[in-house]
Amino acid sequence: MSEERLAALEARLLRVEDELAITRLIASYGPLVDAGAAAEVADMWTEDGEYDVEGWHMRDRGQVRAMVESTAHQSLIAAGSAHFLGPAAVIVDGDTATAVCESLLVRHRDGEFFVWRAGANHFELARTSAGWRIVRRVTRVLDGSDTARRLLAEPWTSGNIISERK
């Protein structure tokens, strides 16, 4: 195998490994937040990472941890809930990445489960010495608003498309 082909293969493998690591990071949010694992959830963000969800703008890892430890969140999970983040579409560009996915918050009440919230999620991520971490996550309710739809489409409509194959 030529040096050029080997280098191209290594680059493709690194991109796949990065996409998988980011996908795993995002997929771990639901199980961790539903388990109330505040430190582990907070560790998904960079130290100064942001999480902006309607009515709550967390501006660092400590505030993310406080959200998970809050009475509101603890009451939610004590009653039964499932935060499900759908498959993420990931675009890696060197040591930064963008990902989008939809999410559902399923709640338990009176012996039944119901979808309480559907959201659009937009992630900005960075490669750190500890692996991929969230720099910024914005979540908006999927209520038909332009804002939520733009969050989902932004990676493809802003010229951020990165060629996946050569």
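These legends describe close-up views of a predicted model.

**View 1. Helix α1 from end to end.** Helix α1 covers residues 3-35, 33 residues in total. From first C-alpha to last, α1 reaches 47 Å, close to the 48 Å expected at 1.5 Å a residue. At Tyr29, α1 bends by about 30°. A proline, Pro31, follows within four residues. Just after α1 comes Gly36, with a positive phi of about 75°.

**View 2. Buried residues of α1.** Several residues of α1 are buried, including Ile22, Leu25, Ile26 and Val33. Tyr29 and Gly30 are buried too. An α-helix has 3.6 residues a turn, so residues three or four places apart point the same way.

**View 3. The salt bridge between Asp18 and Arg127.** The closest N and O atoms of this pair are 2.8 Å apart. Asp18 lies in helix α1 and Arg127 in strand β6 (residues 112-128), so the pair ties together parts that are 109 residues apart in sequence. Asp18 is buried, at 6% relative accessible area. Arg127 is partly exposed, at 31%. Asp95 joins Asp18 and Arg127 in a network of salt bridges.

**View 4. The salt bridge between Arg140 and Asp52.** Here the N to O distance is 3.1 Å. Arg140 belongs to strand β7 (residues 131-141) and Asp52 to strand β1 (residues 45-53), so their bridge ties together parts 88 residues apart in sequence.

View 5. Asp146 and Arg149 meet at 2.5 Å, N to O. They sit three residues apart in α5 (residues 146-157), separated by about one helical turn. Asp146 is partly exposed, at 45% relative accessibility. Arg149 is also partly exposed, at 45%.

Technical notes:
Residues are numbered from 1 along each chain as its sequence is written. This is a predicted model: local features need pLDDT of at least 70, side-chain atom pairs count only at pLDDT 80 or more; totals for chains, interfaces and linings use all residues. Side-chain values use heavy atoms; hydrogens and water are left out. Helices (H or I, at least four residues) and strands (E, at least two) are DSSP runs, numbered from the N terminus. The expected span of a helix is 1.5 Å times one less than its number of residues. The bend at a residue is the angle between axes fitted to the seven residues ending there and the seven starting there. Buried means under 20% relative accessible area, exposed over 50%, partly exposed in between (1.4 Å probe, protein chains only). A salt bridge is a side-chain nitrogen of Lys or Arg within 4 Å of a carboxyl oxygen of Asp or Glu.
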